[in-house]
Amino acid sequence: SPIKLSAFGDWNASNYSQLKSVMGLGDQNFYLSITDSNQTLLFQAGSSPVNASRVSVVTTPAFYAGKTVLATLQVYP
């Protein structure tokens, strides 16, 4: 829901370390992005990885604000 995603973004901005811990990532970092069918970025949280060779990525279709979107989560050291 847009409200939950907004709260997630606020938590990311105020306490990234705690958010990572609650997500079970430990000392790993993450970058979450949600894009529409035109690849327009609708939401992002975390920090984008610099070294793409050490990134685990999962992309899944989702439904957000009445649209089909792609949610991509990248996890990296």
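The paragraphs below walk through the sheet, the core, the aromatic residues and a few individual positions of this predicted model.

Four strands build an open sheet, in which they are arranged in the order β2-β1-β4-β3 with antiparallel pairing. The edges are formed by β2 and β3 (residues 56–64), each of which pairs on one side only. From one strand to the next, the twist averages 15 degrees. Inside this arrangement, β1 and β4 are joined in the antiparallel sense over seven bridges. Helix α1 is placed across β1, β2 and β3, and runs at about 40 degrees to β2.

The largest nonpolar core has 14 residues, and the members that touch the most other members are Leu5, Phe8, Phe30, Leu32, Ile34, Phe43 and Ala45. At least two residues of this core come from each of α1 (2–14), α2, β1, β2 (41–46) and β4.

Across the whole structure, a search finds three aromatic pairs. One of them joins Tyr16 and Phe30, whose rings are stacked, with 5.3 Å from centre to centre and 20 degrees between the planes. Tyr16 belongs to helix α2 (residues 16–22) and Phe30 to strand β1 (residues 29–35), so this pair ties together parts that are 14 residues apart in sequence. Both Tyr16 and Phe30 are buried. Together with Phe8 and Phe43, these two residues make up one aromatic cluster.

Thr35 is found in strand β1, whereas Thr68 is part of strand β4 (residues 67–76). How does their accessibility compare with the cut-offs? Thr35 has a relative accessible area of 17%; because buried means under 20%, this residue counts as buried. Thr68 has a value of 56%, and because exposed means over 50%, Thr68 counts as exposed. Leaving out residues up to four places away in sequence, Thr35 touches Thr40, Leu41, Leu42, Val69 and Leu70. With neighbours within four places in sequence set aside, Thr68 is in contact with Asp36, Ser37, Ala62 and Phe63. For a sense of scale, Thr68 and Gly24 are 44 residues apart in sequence and lie 27 Å apart in space, from C-alpha to C-alpha.

Gln39 sits in the loop between β1 and β2, and its phi is near 65 degrees, a positive value in a residue other than glycine. Gln39 counts as exposed, at 69% relative accessibility. In the loop between β3 and β4 lies Ala65. The phi of Ala65 is near 50 degrees, again positive in a residue that is not glycine. Ala65 is exposed too, with a relative accessible area of 55%.

Technical notes
Residues numbered from 1 in each chain as written. Predicted model: local features only at pLDDT ≥ 70, side-chain atom pairs only at ≥ 80, totals over all residues. Heavy atoms only, no water. Phe/Tyr/Trp six-rings, centres within 6.5 Å; stacked < 30°, edge-to-face > 60°. Buried < 20%, exposed > 50% of the residue type's maximum accessible area, 1.4 Å probe, protein only. Contact = heavy atoms within 4.5 Å. Core = buried A, V, L, I, M, F, W, Y, C linked by side-chain atoms within 4.5 Å. Pairing = 2+ DSSP bridges. Axes fitted to C-alpha atoms, helices over the stretch in contact; angles between N-to-C directions.
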